[in-house]
Amino acid sequence: PHVQVSPLTPQAGWMATSPSLSSPPVVGVSLQSSAAVTNGNANYSRMKRPGTTTAMGPFGERASVEISRDLSRSADEMRSQSAHKVLINASLVIATVTTVFGIAFLGPMASGLDPYVDFSAKPDVGSISLPEIEESLYESSEPSVGSSSEHRVNASLGPSISRKYSVRTREQVLSMSNEDFQAYLSERRLPSQNHDMNSFILTPRSRELIYNKRLNLMFCPSARVASASWLYLLRKLAGVGDYMNLETAYDKQNSGLRYVANLDFEKMDDLFRRKDMFLFQFVRNPYSRILSVYLSNLAPPADVTSAEYTAIVEYLYGKKAVLQWVRDGRKRLDFRTFVQKLGENNNHPFKLHALWQPQHMDCVLELIDIDFVGRLEHVEADSAAVFRKLGIPEERLPTPDTINFPGSDAASRLSQFYTPDLARIVRHLYARDFHRFGYSTELPPDAPRNPSAAAPSTS
């Protein structure tokens, strides 16, 4: 800007005025020549502010003038800086709110947890003690009708399948009348505990569901509940060329199956609100399921040096402990250690591996109604009911020998591994599974061994 310099006194320096500046009209500056010369009594001192112009001293010499821009800012500059500060503050507020929201809601969802559902393995039974649960409705084969404990437990653990449902053979299921068949299906229908379709769609684990619009089916696979046989069959029904390849079957991106995970929210909502889709799940007695997990993944001949074995140990003990386990020579876990560690990790939902997480948590099916819950203990008849409902009654679920996936035969070895204290841990950890799927909490007797390839697997 054009600067006029007015002498005050030689000692006081100089006054520079800039008529182009509206606020303030007069500002004080100090002058100093580029050679830092002192001429007479005129002392020029350089200001440490940006902006430079040239002015005449009282004796005609030229001097370099540094103008304080902080003192000569225009109104536009001040408004611009004020708006910039507002934007910065707004950005900080938005970032803070987003972080809090992510920690409180999106973080748990990304970890496979649902903020709307209690995913602790320990049942939310309020003031009900564990012995009271064990002595309640589902402890004995003949429940005491009208028991106050029964009603309290039922209210805490949600809806359940009655243990008095009909057990039929495959031939009976396929030959019964339509009316009897509908009654048979209704016995296995499991209402949601807290029906919330929106929460269900927003929960990541709901995306584990497999669907087939041509057959109008949705299926929730559960680990160690004949899931390999179901994947094999569903790929065959979907027309996948290499449906016999189980390695590809477990690769969601290349399996040829349609997972809900591949749908956007709008299409997911449309799918789940269709009335013609048949949603089914197969479950298993928690005692034999946990033993099957151990026999198939940790007991011999499982390789303790494999990545899969190491990953399970890390899940159970944590990263630091698994390093020590490796240094100590990779000692194989026995069944007692495995079950006791599951009990210790009960309050740590992040340690719920898909292999042993409670079955009621699979696909978050507590939030929607399940049309049919089949039991692995009656898999031949129950799978026949599914096939009849889907209009393919001639189909049969392949056996372990058919798919080259041998089972553990855990149901016939319960007494070999379980002690009363280990049974109590499993009974406590999976109390909701026992209740919802109608299983007695008493340790069942060993099932007879049946190595025949024609018999359905219990692994």
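Tutor: Here is a close look at the disulfide and some of the salt bridges. Keep in mind that the model is predicted.

Start with the disulfide. The whole structure holds one. Its partners are cysteine 220 and cysteine 363, with sulfur atoms 2.3 Å apart. The pair links distant parts of the chain, 143 residues apart. Cysteine 220 sits in strand S8. Cysteine 363 lies in the loop between H13 and strand S11. The torsion about the S-S bond is about 95 degrees, so the disulfide is right-handed. Is cysteine 220 buried or exposed? Cysteine 220 is buried, at 0% relative accessible area. Cysteine 363 is buried too, at 2%.

Now the salt bridges. A search of the whole structure gives 10. One of them joins arginine 188 to aspartate 382, at 2.9 Å from N to O. These two are 194 residues apart in the chain. Arginine 188 is in the loop between helix H5 and helix H6, and aspartate 382 is in helix H14. Arginine 188 has a relative accessibility of 1%, so it counts as buried. Aspartate 382 is also buried, at 1%.

Arginine 189 pairs with aspartate 369 at 3.2 Å, N to O. Arginine 189 is in the loop between H5 and H6, and aspartate 369 is in the loop between H13 and S11. They are 180 residues apart. Arginine 189, at 39%, is partly exposed. Aspartate 369, at 27%, is partly exposed as well.

Note on methods. Residues are numbered from 1 along each chain as its sequence is written. This is a predicted model: local features need pLDDT of at least 70, side-chain atom pairs count only at pLDDT 80 or more; totals for chains, interfaces and linings use all residues. Side-chain values use heavy atoms; hydrogens and water are left out. A disulfide is a pair of cysteine sulfur atoms within 2.5 Å. Helices (H or I, at least four residues) and strands (E, at least two) are DSSP runs, numbered from the N terminus. Buried means under 20% relative accessible area, exposed over 50%, partly exposed in between (1.4 Å probe, protein chains only). A salt bridge is a side-chain nitrogen of Lys or Arg within 4 Å of a carboxyl oxygen of Asp or Glu.
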